[in-house]
Amino acid sequence: MKSQLSKIVKNLWFQDLDASVIYINEVAVRIRAGILLLVPVYMGLMLYDVAYTSKWVVDVNTATDTYDTNWDDQIIYAVEAVKRTYEYSTQTLVLFYVLFEMIVSMFVSTSRFSPSILISSYLAKNHPPVWVPIAPKRFAWSIGIGMVITCIIFFNPVVFAHGLNSVFQLNLLPTTERYMPAGLGIILVSVCLLFMWLEAILGYCVGCKIHALLVKIGLLKETCCACNNLNWDKK
């Protein structure tokens, strides 16, 4: 089983693992972005529910007629209601899975452990591969790792604060008040949704463009087909 998975990744995700510069299949990368696009969509719907839907849960079985009406002649009922509480354990698990996906895809030796890479490579097998250097993609995924970690902290601020304070034995972050901007979650999810949509639908990798710019100005020295303006044909 392990050898079969390695073969799928080697032949459909990577071009030649023995080459000095590793190339990956841009077609499979775009398919993978489309698969992982489901995560920011899910997170966005969840944040919309938290921010814009009712903060109260009404027990309809307790509704009783008050025999009174409002200004619009609508009957007023008395009900029992409790304020909604939010816990993000499921969302945190999803984010940790995405973090796992991002980390294992950074390295050739661990890429075969990524379910999304295996699925996208298989789905791309009947399409002509487009080989591009892995360095810009790694840079883009590193941006994704940073954003996912920030989202995990956003959904678990108290746990993170307790952990950080315990490690340094200092009260670096408050554990009884909000220390992260309230709108940060929506901003991060929106940016992730935009970046992954551009990659999956339009084939435009924002992280790769940033990598190309850094190579152009000399801050990075890694091979980059975008900044070198090269046409990588199938061999």
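Strands in this tour are DSSP runs of E spanning at least two residues, and helices are runs of H or I spanning at least four, both numbered from the N terminus. The model on display is predicted.

**Overall view**

Begin with the whole chain coloured by secondary structure. The protein contains ten helices and four strands. Read from the N terminus, these elements follow the order α-β-α-α-β-β-α-α-β-α-α-α-α-α. Colouring by relative accessibility shows that 35% of the 235 residues are buried. Of the contacts with a separation of 6 or more, 68% join residues 24 or more positions apart.

**Stop 1: strand 2 and Tyr 67**

Select residues 56-69, which form strand 2, and within this strand pick out Tyr 67. The phi angle of Tyr 67 is near 60°, a positive value in a residue other than glycine. Is the residue buried or exposed? Tyr 67 counts as exposed because its relative accessibility is 76%, and the cut-off for that class is over 50%.

**Stop 2: the largest nonpolar core**

Next, display the side chains of Trp 13, Ile 24, Met 43, Leu 95 and Phe 155. In the largest nonpolar core, which has 37 residues, these five touch the most other members. The elements that contribute two or more residues to this core are helix 2 (26-36), helix 3, helix 4 (89-104), helix 6 (134-155) and helix 8. Helix 6 supplies the largest share, ten residues.

Centre the view on Leu 95. Leaving aside residues up to four places away in sequence, Leu 95 touches Met 43, Val 148, Cys 151, Ile 152 and Phe 155.

**Stop 3: helix 3 against helix 8**

Now select helix 3 (residues 38-52) together with helix 8 (residues 184-202). Their axes are 9 Å apart and the packing angle is about 150°. Helix 3 is therefore roughly antiparallel to helix 8, as angles over 145 degrees fall in that class. The two helices make a left-handed crossing.

To see the contact itself, show Pro 40, Val 41, Met 43, Gly 44 and Leu 47 on helix 3, facing Gly 185, Ile 186, Val 189, Cys 192, Leu 193 and Met 196 on helix 8. Sorted by class, the contact between helix 3 and helix 8 comprises nine nonpolar residues, two polar residues and no charged residues.

**Stop 4: helix 2 against helix 5**

The crossing of helix 2 and helix 5 is right-handed.

Which residues meet between helix 2 and helix 5? From helix 2 come Ala 28, Ile 31, Arg 32, Ile 35 and Leu 36, and from helix 5 come Ser 116, Ile 117, Ile 119, Ser 120, Ser 121 and Leu 123. By class, this contact of helix 2 with helix 5 has seven nonpolar, three polar and one charged residues.

**Stop 5**

Finally, select helix 7 (157-168) and the loop between helix 7 and helix 8, where Gln 169 is found. Phi of Gln 169 is near 55°, again a positive value in a residue other than glycine. Gln 169 has a relative accessible area of 65% and is therefore exposed.

Within helix 7, select His 162. At 44% relative accessibility, His 162 is classed as partly exposed.

Note on methods:
Residues are numbered from 1 along each chain as its sequence is written. This is a predicted model: local features need pLDDT of at least 70, side-chain atom pairs count only at pLDDT 80 or more; totals for chains, interfaces and linings use all residues. Side-chain values use heavy atoms; hydrogens and water are left out. Axes are lines fitted to C-alpha atoms, for helices over the stretch in contact, and angles run from 0 to 180 degrees between N-to-C directions. Angles under 35 degrees count as roughly parallel, over 145 as roughly antiparallel, 65 to 115 as roughly perpendicular and the rest as oblique. A crossing is left-handed if the near helix is turned anticlockwise from the far one by less than a right angle, and right-handed if clockwise. Contact means heavy atoms within 4.5 Å. Ala, Val, Leu, Ile, Met, Phe, Trp, Tyr, Cys and Pro count as nonpolar, Asp, Glu, Lys and Arg as charged, and the others, Gly among them, as polar. A nonpolar core is a set of buried Ala, Val, Leu, Ile, Met, Phe, Trp, Tyr and Cys residues joined through side-chain atoms within 4.5 Å. Buried means under 20% relative accessible area, exposed over 50%, partly exposed in between (1.4 Å probe, protein chains only).
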